[in-house]
Amino acid sequence: MSYVDEIYEKVVAKNPSETEFHQAVKEVLDSLRCVIDKNEEKFRRDALLERLTEPERIISFRVPWVDDKGQVQVNKGFRVQFSSAIGPYKGGLRFHPSVNQGIIKFLGFEQIFKNSLTGLPIGGGKGGSDFDPKGKSDREVMAFCQSFMTELFKYIGADTDVPAGDIGVGAREIGFMYGQYKRLKDVYEGVLTGKGLSYGGSLARKQATGYGLVYILNEMLKDNNKALEGQTVVVSGSGNVAIYAVEKAQQFGAKVVAMSDSNGYIYDADGIDLDIVKDIKEVKRGRIKEYADAKPSAVYTEGKGIWTVKCDIALPCATQNELNLDDAKALIANGCFAVAEGANMPTTREATDYIQEQKILFMPGKAANAGGVATSALEMSQNSQRLSWSFEEVDAKLHDIMVNIYAKVADAASRYDMPKNYVAGANIAGFEKVVEAMEAQGIV
Ligand code: NDP
(Lines give C-alpha, C1' and ligand atoms only; values in the text may rest on other atoms or scores of the structure.)
Protein backbone atom coordinates (compact mmCIF):
# COMPACT_ATOMS: atom_id res chain seq x y z
CA MET A 1 0.00 0.00 0.00
CA SER A 2 1.31 3.48 -0.76
CA TYR A 3 2.41 5.68 2.13
CA VAL A 4 -0.44 8.11 1.39
CA ASP A 5 -3.12 5.39 1.56
CA GLU A 6 -1.58 3.89 4.67
CA ILE A 7 -1.63 7.24 6.46
CA TYR A 8 -5.19 7.97 5.43
CA GLU A 9 -6.31 4.61 6.84
CA LYS A 10 -4.45 5.30 10.09
CA VAL A 11 -6.01 8.77 10.41
CA VAL A 12 -9.50 7.30 10.02
CA ALA A 13 -8.80 4.48 12.49
CA LYS A 14 -7.21 6.74 15.10
CA ASN A 15 -9.79 9.52 14.87
CA PRO A 16 -13.14 7.73 14.56
CA SER A 17 -16.20 9.86 13.81
CA GLU A 18 -14.13 12.95 12.91
CA THR A 19 -15.52 12.93 9.37
CA GLU A 20 -14.65 16.49 8.39
CA PHE A 21 -11.07 15.89 9.53
CA HIS A 22 -10.89 12.72 7.42
CA GLN A 23 -12.26 14.66 4.44
CA ALA A 24 -9.67 17.44 4.76
CA VAL A 25 -6.78 14.99 5.19
CA LYS A 26 -7.89 12.94 2.20
CA GLU A 27 -8.21 15.95 -0.05
CA VAL A 28 -4.74 17.21 0.89
CA LEU A 29 -2.99 13.84 0.74
CA ASP A 30 -4.58 12.86 -2.58
CA SER A 31 -3.27 15.97 -4.26
CA LEU A 32 0.18 15.55 -2.66
CA ARG A 33 0.64 12.01 -4.02
CA CYS A 34 3.03 13.11 -6.74
CA VAL A 35 5.29 14.90 -4.23
CA ILE A 36 5.10 12.19 -1.55
CA ASP A 37 5.62 9.25 -3.93
CA LYS A 38 8.87 10.85 -5.10
CA ASN A 39 10.20 11.04 -1.53
CA GLU A 40 8.38 8.05 -0.08
CA GLU A 41 11.35 6.31 1.55
CA LYS A 42 12.61 9.40 3.33
CA PHE A 43 9.17 10.62 4.41
CA ARG A 44 8.31 7.13 5.74
CA ARG A 45 11.52 6.89 7.74
CA ASP A 46 10.90 10.33 9.23
CA ALA A 47 7.19 9.54 9.85
CA LEU A 48 6.55 12.87 8.19
CA LEU A 49 2.88 12.33 7.42
CA GLU A 50 2.19 10.81 10.84
CA ARG A 51 3.60 13.98 12.40
CA LEU A 52 1.81 16.27 9.95
CA THR A 53 -1.62 14.72 10.63
CA GLU A 54 -1.28 14.55 14.44
CA PRO A 55 -1.78 17.91 16.21
CA GLU A 56 1.09 19.01 18.43
CA ARG A 57 -1.45 19.64 21.20
CA ILE A 58 -5.23 19.56 21.73
CA ILE A 59 -6.73 21.49 24.60
CA SER A 60 -10.32 20.71 25.52
CA PHE A 61 -12.09 22.36 28.43
CA ARG A 62 -15.35 23.12 30.22
CA VAL A 63 -16.90 26.59 29.84
CA PRO A 64 -19.51 27.29 32.56
CA TRP A 65 -21.44 30.58 32.46
CA VAL A 66 -24.69 32.04 33.81
CA ASP A 67 -27.53 33.06 31.46
CA ASP A 68 -29.92 36.00 31.96
CA LYS A 69 -32.39 33.83 33.87
CA GLY A 70 -29.76 32.83 36.41
CA GLN A 71 -29.41 29.35 34.92
CA VAL A 72 -25.90 27.90 34.69
CA GLN A 73 -24.97 26.75 31.19
CA VAL A 74 -22.01 24.55 30.25
CA ASN A 75 -20.30 24.49 26.85
CA LYS A 76 -17.26 22.71 25.45
CA GLY A 77 -14.17 24.73 24.54
CA PHE A 78 -11.34 23.65 22.23
CA ARG A 79 -7.97 24.85 20.96
CA VAL A 80 -6.06 22.65 18.54
CA GLN A 81 -2.42 23.70 18.22
CA PHE A 82 -1.70 21.78 15.06
CA SER A 83 1.69 22.82 13.73
CA SER A 84 4.27 25.38 14.83
CA ALA A 85 6.76 24.40 12.10
CA ILE A 86 6.83 27.83 10.50
CA GLY A 87 5.62 30.15 13.28
CA PRO A 88 3.35 30.59 16.31
CA TYR A 89 -0.02 28.82 16.02
CA LYS A 90 -2.49 31.07 14.22
CA GLY A 91 -6.13 30.48 13.35
CA GLY A 92 -9.61 31.55 14.33
CA LEU A 93 -12.10 30.67 17.05
CA ARG A 94 -15.51 29.42 15.91
CA PHE A 95 -18.61 29.68 18.11
CA HIS A 96 -21.39 27.58 16.56
CA PRO A 97 -23.56 24.72 17.90
CA SER A 98 -22.08 22.34 15.29
CA VAL A 99 -18.53 22.71 16.68
CA ASN A 100 -16.81 19.50 17.83
CA GLN A 101 -13.23 18.27 17.94
CA GLY A 102 -13.34 16.88 14.38
CA ILE A 103 -14.44 20.20 12.91
CA ILE A 104 -11.76 22.12 14.79
CA LYS A 105 -9.14 19.58 13.66
CA PHE A 106 -10.17 19.86 10.00
CA LEU A 107 -9.96 23.64 10.24
CA GLY A 108 -6.60 23.51 12.05
CA PHE A 109 -5.18 21.10 9.48
CA GLU A 110 -6.26 23.29 6.56
CA GLN A 111 -4.83 26.30 8.38
CA ILE A 112 -1.28 24.85 8.29
CA PHE A 113 -1.16 24.97 4.48
CA LYS A 114 -3.10 28.21 4.17
CA ASN A 115 -0.77 30.01 6.55
CA SER A 116 2.23 28.63 4.71
CA LEU A 117 0.86 29.98 1.41
CA THR A 118 0.70 33.52 2.80
CA GLY A 119 4.51 33.56 2.95
CA LEU A 120 4.29 34.90 6.52
CA PRO A 121 5.76 33.19 9.61
CA ILE A 122 2.59 31.64 11.10
CA GLY A 123 1.84 28.06 12.13
CA GLY A 124 -1.55 26.37 12.09
CA GLY A 125 -4.17 26.27 14.86
CA LYS A 126 -7.91 26.59 15.37
CA GLY A 127 -10.33 26.66 18.28
CA GLY A 128 -13.87 27.34 19.33
CA SER A 129 -16.92 26.18 21.18
CA ASP A 130 -20.38 24.72 20.64
CA PHE A 131 -21.75 27.96 22.16
CA ASP A 132 -24.29 29.74 19.93
CA PRO A 133 -24.08 33.54 20.17
CA LYS A 134 -27.27 33.85 18.10
CA GLY A 135 -30.17 35.19 20.17
CA LYS A 136 -28.00 35.77 23.27
CA SER A 137 -27.86 39.14 25.02
CA ASP A 138 -24.60 41.10 25.09
CA ARG A 139 -24.27 40.25 28.78
CA GLU A 140 -24.61 36.53 28.09
CA VAL A 141 -22.04 36.71 25.28
CA MET A 142 -19.67 38.57 27.62
CA ALA A 143 -20.17 36.00 30.40
CA PHE A 144 -19.41 33.18 27.99
CA CYS A 145 -16.36 34.91 26.44
CA GLN A 146 -14.89 35.71 29.86
CA SER A 147 -15.30 32.12 31.04
CA PHE A 148 -13.85 30.78 27.76
CA MET A 149 -10.78 33.00 28.07
CA THR A 150 -10.33 32.19 31.77
CA GLU A 151 -9.22 28.73 30.63
CA LEU A 152 -7.74 29.52 27.21
CA PHE A 153 -5.38 32.27 28.44
CA LYS A 154 -3.04 29.65 29.93
CA TYR A 155 -2.17 28.29 26.52
CA ILE A 156 -1.91 31.35 24.25
CA GLY A 157 0.37 34.38 23.93
CA ALA A 158 1.65 36.87 21.35
CA ASP A 159 4.62 34.59 20.52
CA THR A 160 3.00 31.19 21.03
CA ASP A 161 -0.59 31.12 19.79
CA VAL A 162 -2.64 34.03 18.45
CA PRO A 163 -6.35 33.24 17.85
CA ALA A 164 -8.69 35.34 15.68
CA GLY A 165 -12.38 35.33 14.73
CA ASP A 166 -14.35 32.87 12.59
CA ILE A 167 -18.04 31.92 12.38
CA GLY A 168 -19.85 33.49 15.35
CA VAL A 169 -16.78 35.37 16.55
CA GLY A 170 -16.63 38.98 15.41
CA ALA A 171 -15.50 42.28 16.92
CA ARG A 172 -17.82 41.98 19.94
CA GLU A 173 -16.57 38.54 21.00
CA ILE A 174 -12.90 39.38 20.34
CA GLY A 175 -13.30 42.53 22.48
CA PHE A 176 -14.74 40.61 25.45
CA MET A 177 -12.06 37.91 25.21
CA TYR A 178 -9.24 40.44 24.86
CA GLY A 179 -10.45 42.34 27.92
CA GLN A 180 -10.46 39.17 30.01
CA TYR A 181 -7.01 38.07 28.76
CA LYS A 182 -5.53 41.46 29.71
CA ARG A 183 -7.13 41.31 33.13
CA LEU A 184 -5.79 37.80 33.81
CA LYS A 185 -2.28 38.25 32.38
CA ASP A 186 -1.80 41.95 33.11
CA VAL A 187 -0.01 42.49 29.80
CA TYR A 188 -1.09 44.49 26.80
CA GLU A 189 0.00 42.32 23.91
CA GLY A 190 -1.30 41.31 20.50
CA VAL A 191 -2.63 37.95 21.66
CA LEU A 192 -5.76 38.10 19.52
CA THR A 193 -6.31 39.55 16.07
CA GLY A 194 -9.47 41.10 14.69
CA LYS A 195 -9.34 43.57 17.59
CA GLY A 196 -11.20 46.89 17.53
CA LEU A 197 -9.31 49.85 16.07
CA SER A 198 -9.19 51.65 19.45
CA TYR A 199 -7.18 48.86 21.13
CA GLY A 200 -4.68 47.50 18.65
CA GLY A 201 -6.76 46.26 15.71
CA SER A 202 -5.65 46.69 12.12
CA LEU A 203 -7.47 48.72 9.54
CA ALA A 204 -8.74 46.48 6.70
CA ARG A 205 -8.77 43.30 8.86
CA LYS A 206 -12.57 43.24 8.79
CA GLN A 207 -12.56 43.47 4.99
CA ALA A 208 -9.51 41.25 4.43
CA THR A 209 -10.93 37.78 3.81
CA GLY A 210 -13.63 38.97 1.41
CA TYR A 211 -11.39 41.47 -0.37
CA GLY A 212 -8.58 38.90 -0.61
CA LEU A 213 -10.98 36.38 -2.12
CA VAL A 214 -11.87 38.79 -4.89
CA TYR A 215 -8.22 39.80 -5.45
CA ILE A 216 -7.20 36.18 -6.06
CA LEU A 217 -10.33 35.52 -8.12
CA ASN A 218 -9.35 38.47 -10.29
CA GLU A 219 -5.83 37.06 -10.76
CA MET A 220 -7.23 33.66 -11.74
CA LEU A 221 -9.64 35.25 -14.23
CA LYS A 222 -6.96 37.48 -15.76
CA ASP A 223 -4.63 34.52 -16.20
CA ASN A 224 -7.44 32.71 -18.03
CA ASN A 225 -8.29 35.67 -20.28
CA LYS A 226 -11.44 36.62 -18.44
CA ALA A 227 -12.50 39.62 -16.34
CA LEU A 228 -14.74 40.21 -13.36
CA GLU A 229 -16.36 43.32 -14.78
CA GLY A 230 -19.90 42.71 -15.99
CA GLN A 231 -20.14 39.17 -14.55
CA THR A 232 -23.10 37.96 -12.52
CA VAL A 233 -22.02 36.64 -9.13
CA VAL A 234 -23.74 34.61 -6.39
CA VAL A 235 -22.30 34.77 -2.85
CA SER A 236 -23.55 32.42 -0.14
CA GLY A 237 -23.63 33.56 3.49
CA SER A 238 -24.07 37.11 4.72
CA GLY A 239 -21.42 37.22 7.42
CA ASN A 240 -18.02 38.83 7.54
CA VAL A 241 -16.49 37.05 4.54
CA ALA A 242 -19.59 37.27 2.33
CA ILE A 243 -20.27 40.97 2.93
CA TYR A 244 -16.76 42.11 2.01
CA ALA A 245 -16.52 39.73 -0.93
CA VAL A 246 -19.67 41.37 -2.30
CA GLU A 247 -18.26 44.84 -1.63
CA LYS A 248 -15.04 44.17 -3.55
CA ALA A 249 -16.76 42.27 -6.38
CA GLN A 250 -19.07 45.26 -6.88
CA GLN A 251 -16.06 47.61 -6.89
CA PHE A 252 -14.61 45.48 -9.70
CA GLY A 253 -17.83 46.00 -11.70
CA ALA A 254 -19.52 42.65 -11.07
CA LYS A 255 -23.24 42.34 -10.36
CA VAL A 256 -23.99 40.29 -7.23
CA VAL A 257 -27.56 38.97 -7.36
CA ALA A 258 -27.91 36.60 -4.37
CA MET A 259 -26.82 36.14 -0.74
CA SER A 260 -28.01 33.82 2.03
CA ASP A 261 -27.96 32.82 5.68
CA SER A 262 -28.75 29.50 7.34
CA ASN A 263 -32.51 30.09 6.90
CA GLY A 264 -32.71 30.96 3.18
CA TYR A 265 -31.53 33.21 0.37
CA ILE A 266 -32.45 36.46 -1.33
CA TYR A 267 -32.37 37.07 -5.06
CA ASP A 268 -32.23 40.66 -6.28
CA ALA A 269 -32.20 40.99 -10.08
CA ASP A 270 -31.20 44.66 -9.72
CA GLY A 271 -28.05 43.71 -7.82
CA ILE A 272 -27.62 43.49 -4.04
CA ASP A 273 -27.76 46.79 -2.15
CA LEU A 274 -24.99 46.09 0.35
CA ASP A 275 -25.89 48.96 2.70
CA ILE A 276 -29.16 47.18 3.44
CA VAL A 277 -27.36 43.87 4.10
CA LYS A 278 -24.82 45.58 6.39
CA ASP A 279 -27.60 47.25 8.35
CA ILE A 280 -29.43 43.93 8.80
CA LYS A 281 -26.37 41.84 9.63
CA GLU A 282 -23.80 44.18 11.20
CA VAL A 283 -26.12 46.55 13.06
CA LYS A 284 -29.37 44.72 13.82
CA ARG A 285 -27.99 41.13 13.85
CA GLY A 286 -31.12 40.20 11.87
CA ARG A 287 -32.04 37.63 9.22
CA ILE A 288 -31.39 37.90 5.46
CA LYS A 289 -35.13 37.65 4.70
CA GLU A 290 -35.52 41.20 6.07
CA TYR A 291 -33.73 42.36 2.89
CA ALA A 292 -36.84 41.53 0.83
CA ASP A 293 -38.93 43.78 3.15
CA ALA A 294 -36.56 46.68 2.47
CA LYS A 295 -36.04 46.13 -1.28
CA PRO A 296 -39.12 45.49 -3.46
CA SER A 297 -37.07 44.04 -6.35
CA ALA A 298 -35.84 41.19 -4.12
CA VAL A 299 -37.37 37.76 -3.58
CA TYR A 300 -36.69 35.66 -0.47
CA THR A 301 -36.73 31.86 -0.66
CA GLU A 302 -36.67 29.76 2.50
CA GLY A 303 -34.15 26.91 2.69
CA LYS A 304 -31.12 25.94 0.62
CA GLY A 305 -31.19 26.52 -3.11
CA ILE A 306 -28.95 29.53 -3.64
CA TRP A 307 -26.84 27.53 -6.14
CA THR A 308 -29.85 27.23 -8.48
CA VAL A 309 -29.58 30.97 -9.14
CA LYS A 310 -28.05 31.57 -12.58
CA CYS A 311 -24.59 33.12 -12.38
CA ASP A 312 -21.18 33.30 -14.06
CA ILE A 313 -19.19 33.08 -10.82
CA ALA A 314 -20.03 31.40 -7.49
CA LEU A 315 -18.42 32.39 -4.21
CA PRO A 316 -19.39 30.03 -1.35
CA CYS A 317 -18.73 32.07 1.82
CA ALA A 318 -20.87 30.42 4.54
CA THR A 319 -19.64 27.09 5.90
CA GLN A 320 -18.19 23.62 5.17
CA ASN A 321 -19.92 21.26 2.71
CA GLU A 322 -22.55 23.81 1.70
CA LEU A 323 -22.08 23.15 -2.04
CA ASN A 324 -22.72 19.50 -3.00
CA LEU A 325 -22.68 17.58 -6.28
CA ASP A 326 -26.25 18.55 -7.23
CA ASP A 327 -25.43 22.18 -6.52
CA ALA A 328 -22.32 21.97 -8.70
CA LYS A 329 -24.35 20.43 -11.54
CA ALA A 330 -26.98 23.16 -11.25
CA LEU A 331 -24.34 25.90 -11.30
CA ILE A 332 -22.58 24.52 -14.36
CA ALA A 333 -25.85 23.82 -16.21
CA ASN A 334 -26.63 27.52 -15.69
CA GLY A 335 -23.34 28.63 -17.25
CA CYS A 336 -21.15 29.21 -14.17
CA PHE A 337 -17.48 29.20 -15.23
CA ALA A 338 -15.61 29.95 -11.99
CA VAL A 339 -15.88 29.05 -8.30
CA ALA A 340 -13.70 30.51 -5.55
CA GLU A 341 -14.12 29.38 -1.94
CA GLY A 342 -14.45 32.14 0.67
CA ALA A 343 -15.42 29.63 3.35
CA ASN A 344 -13.31 26.69 4.53
CA MET A 345 -14.06 23.49 2.56
CA PRO A 346 -17.53 24.68 1.44
CA THR A 347 -17.47 22.38 -1.60
CA THR A 348 -17.86 18.64 -1.01
CA ARG A 349 -15.24 16.32 -2.45
CA GLU A 350 -17.67 14.99 -5.10
CA ALA A 351 -18.61 18.51 -6.13
CA THR A 352 -14.96 19.61 -6.30
CA ASP A 353 -14.09 16.63 -8.50
CA TYR A 354 -17.04 17.32 -10.80
CA ILE A 355 -16.21 21.02 -11.10
CA GLN A 356 -12.61 20.18 -11.99
CA GLU A 357 -13.65 17.50 -14.51
CA GLN A 358 -15.86 20.06 -16.21
CA LYS A 359 -12.83 22.39 -16.51
CA ILE A 360 -14.50 25.08 -14.45
CA LEU A 361 -11.97 27.43 -12.81
CA PHE A 362 -11.81 26.49 -9.13
CA MET A 363 -9.79 28.20 -6.39
CA PRO A 364 -9.81 26.29 -3.07
CA GLY A 365 -10.38 28.01 0.27
CA LYS A 366 -6.91 27.52 1.64
CA ALA A 367 -5.62 29.87 -1.07
CA ALA A 368 -8.74 31.94 -1.73
CA ASN A 369 -9.56 32.92 1.86
CA ALA A 370 -5.96 33.29 3.10
CA GLY A 371 -6.27 37.09 3.03
CA GLY A 372 -7.90 37.03 6.46
CA VAL A 373 -5.11 35.25 8.26
CA ALA A 374 -2.50 37.16 6.26
CA THR A 375 -3.95 40.45 7.48
CA SER A 376 -4.09 39.02 10.99
CA ALA A 377 -0.35 38.45 10.68
CA LEU A 378 -0.03 42.09 9.57
CA GLU A 379 -1.97 43.06 12.71
CA MET A 380 0.57 41.06 14.77
CA SER A 381 3.43 42.97 13.10
CA GLN A 382 1.81 46.32 13.82
CA ASN A 383 1.23 45.32 17.48
CA SER A 384 4.88 44.24 17.90
CA GLN A 385 6.10 47.51 16.42
CA ARG A 386 3.50 49.60 18.32
CA LEU A 387 2.45 51.09 14.98
CA SER A 388 -0.79 51.44 13.02
CA TRP A 389 -0.65 51.36 9.26
CA SER A 390 -3.19 53.18 7.09
CA PHE A 391 -6.07 51.34 5.39
CA GLU A 392 -4.39 51.85 2.02
CA GLU A 393 -1.08 50.44 3.28
CA VAL A 394 -2.68 47.27 4.68
CA ASP A 395 -4.93 46.83 1.64
CA ALA A 396 -1.94 47.18 -0.72
CA LYS A 397 -0.01 44.53 1.26
CA LEU A 398 -3.08 42.26 1.21
CA HIS A 399 -3.37 42.70 -2.55
CA ASP A 400 0.33 41.81 -3.04
CA ILE A 401 -0.02 38.75 -0.81
CA MET A 402 -3.00 37.44 -2.80
CA VAL A 403 -1.24 38.06 -6.13
CA ASN A 404 1.76 36.13 -4.78
CA ILE A 405 -0.41 33.28 -3.53
CA TYR A 406 -1.97 32.96 -6.98
CA ALA A 407 1.49 32.88 -8.56
CA LYS A 408 2.73 30.20 -6.12
CA VAL A 409 -0.38 28.04 -6.59
CA ALA A 410 -0.30 28.29 -10.40
CA ASP A 411 3.46 27.62 -10.45
CA ALA A 412 3.25 24.50 -8.23
CA ALA A 413 0.40 23.11 -10.36
CA SER A 414 2.46 23.64 -13.54
CA ARG A 415 5.66 22.19 -12.02
CA TYR A 416 3.83 18.93 -11.36
CA ASP A 417 2.19 18.86 -14.81
CA MET A 418 -1.27 19.76 -13.58
CA PRO A 419 -1.71 23.25 -15.04
CA LYS A 420 -4.80 25.06 -13.72
CA ASN A 421 -5.37 22.43 -11.02
CA TYR A 422 -5.35 25.02 -8.24
CA VAL A 423 -6.38 22.46 -5.60
CA ALA A 424 -3.19 20.51 -6.19
CA GLY A 425 -1.16 23.71 -6.60
CA ALA A 426 -2.32 25.13 -3.25
CA ASN A 427 -1.68 21.91 -1.36
CA ILE A 428 1.74 21.37 -2.91
CA ALA A 429 2.95 24.96 -2.48
CA GLY A 430 1.73 25.05 1.14
CA PHE A 431 3.22 21.63 1.92
CA GLU A 432 6.69 22.33 0.47
CA LYS A 433 7.51 25.12 2.92
CA VAL A 434 6.12 23.29 5.96
CA VAL A 435 8.08 20.13 5.11
CA GLU A 436 11.30 22.04 4.63
CA ALA A 437 10.87 23.62 8.08
CA MET A 438 9.94 20.29 9.69
CA GLU A 439 12.97 18.53 8.20
CA ALA A 440 15.30 21.32 9.33
CA GLN A 441 14.02 21.19 12.92
CA GLY A 442 14.58 17.46 13.46
CA ILE A 443 12.20 14.98 15.03
CA VAL A 444 9.89 17.19 17.09
P1 NDP B 1 -19.89 34.72 10.06
O2 NDP B 1 -20.33 34.11 11.34
O3 NDP B 1 -19.63 36.17 10.01
O4 NDP B 1 -20.94 34.38 8.90
C5 NDP B 1 -21.25 33.07 8.56
C6 NDP B 1 -22.35 33.09 7.52
O7 NDP B 1 -22.55 31.77 7.05
C8 NDP B 1 -23.67 33.57 8.07
O9 NDP B 1 -24.42 34.17 7.06
C10 NDP B 1 -24.31 32.25 8.51
O11 NDP B 1 -25.73 32.28 8.59
C12 NDP B 1 -23.87 31.32 7.41
N13 NDP B 1 -23.79 29.95 7.94
C14 NDP B 1 -23.06 29.51 8.99
N15 NDP B 1 -23.29 28.22 9.21
C16 NDP B 1 -24.17 27.83 8.28
C17 NDP B 1 -24.78 26.60 7.96
N18 NDP B 1 -24.54 25.50 8.69
N19 NDP B 1 -25.63 26.56 6.91
C20 NDP B 1 -25.89 27.67 6.17
N21 NDP B 1 -25.34 28.87 6.42
C22 NDP B 1 -24.49 28.94 7.45
O23 NDP B 1 -18.59 33.89 9.63
P24 NDP B 1 -17.45 34.29 8.62
O25 NDP B 1 -18.01 35.09 7.51
O26 NDP B 1 -16.31 34.82 9.41
O27 NDP B 1 -16.98 32.85 8.08
C28 NDP B 1 -17.58 32.23 6.94
C29 NDP B 1 -16.66 31.14 6.43
O30 NDP B 1 -15.38 31.72 6.06
C31 NDP B 1 -16.31 30.03 7.42
O32 NDP B 1 -16.13 28.82 6.72
C33 NDP B 1 -14.97 30.48 7.98
O34 NDP B 1 -14.23 29.41 8.50
C35 NDP B 1 -14.32 31.06 6.74
N36 NDP B 1 -13.23 32.00 6.97
C37 NDP B 1 -13.42 33.13 7.70
C38 NDP B 1 -12.38 34.02 7.86
C39 NDP B 1 -12.57 35.33 8.54
O40 NDP B 1 -11.64 36.16 8.49
N41 NDP B 1 -13.69 35.60 9.18
C42 NDP B 1 -11.03 33.74 7.33
C43 NDP B 1 -10.97 32.56 6.50
C44 NDP B 1 -12.04 31.72 6.37
P45 NDP B 1 -26.46 32.39 10.03
O46 NDP B 1 -26.21 33.77 10.50
O47 NDP B 1 -27.87 32.07 9.73
O48 NDP B 1 -25.80 31.32 10.90
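This is a predicted model: local features need pLDDT of at least 70, side-chain atom pairs count only at pLDDT 80 or more; totals for chains, interfaces and linings use all residues.

Q: Which domains does the assignment give for the chain?
A: The chain has domain 1, covering 3-190, and domain 2, covering 206-359. The C-alpha centres of domain 1 and domain 2 are 26 Å apart.

Q: And how many residues does each domain put into the contact?
A: Domain 1 contributes 16 residues to the contact, and domain 2 contributes 12 residues.

Q: What area is buried between domain 1 and domain 2?
A: About 1100 Å² is buried between domain 1 and domain 2, and carbon and sulfur atoms give 42% of that area.

Q: Which three residues of domain 1 supply more of its buried area than any other three?
A: They are Gln-23, Phe-106 and Arg-172, which supply 38% of the area that domain 1 buries against domain 2.

Q: Which helices supply at least two residues each to the side of domain 1 that touches domain 2?
A: Those are α2 (19-38) and α5 (101-117). The largest share of that side comes from α2, with six residues.

Q: How does that side of domain 1 divide by class?
A: The side of domain 1 that touches domain 2 has 10 charged, five nonpolar and one polar residues.

Q: Changing topic to the ligand: which residues come nearest?
A: Of the 24 residues around the ligand, the nearest are Asp-166, Thr-209, Ser-262, Arg-287 and Asn-344.

Q: Which atom of Asn-344 faces an oxygen atom of the ligand, backbone or side chain?
A: An N or O atom in the side chain of Asn-344 lies 2.8 Å from a ligand oxygen atom. For Asn-240, a backbone N or O atom is 2.9 Å from an oxygen atom of the ligand. A polar backbone atom of Ser-238 is likewise 2.9 Å from a ligand oxygen atom.

Q: Back to salt bridges: what is the separation in the one between Glu-27 and Lys-366?
A: The side chains of Glu-27 and Lys-366 form a salt bridge at 3.3 Å, N to O. Glu-27 belongs to helix α2 and Lys-366 to helix α14 (residues 365-368), so this pair ties together parts that are 339 residues apart in sequence.

Terms used:
Residues are numbered from 1 along each chain as its sequence is written. Side-chain values use heavy atoms; hydrogens and water are left out. Domain bounds come from an automatic or database domain assignment. Contact means heavy atoms within 4.5 Å. Buried area is the accessible area (1.4 Å probe) that two parts lose on being put together, summed over both. Helices (H or I, at least four residues) and strands (E, at least two) are DSSP runs, numbered from the N terminus. Ala, Val, Leu, Ile, Met, Phe, Trp, Tyr, Cys and Pro count as nonpolar, Asp, Glu, Lys and Arg as charged, and the others, Gly among them, as polar. A residue is near a molecule or strand if one of its heavy atoms lies within 4 Å of it. A polar contact is a pair of N or O atoms within 3.5 Å; within protein, one must be able to donate a hydrogen and the other to accept it, and residues adjacent in sequence count only if both atoms are side-chain atoms. A salt bridge is a side-chain nitrogen of Lys or Arg within 4 Å of a carboxyl oxygen of Asp or Glu.
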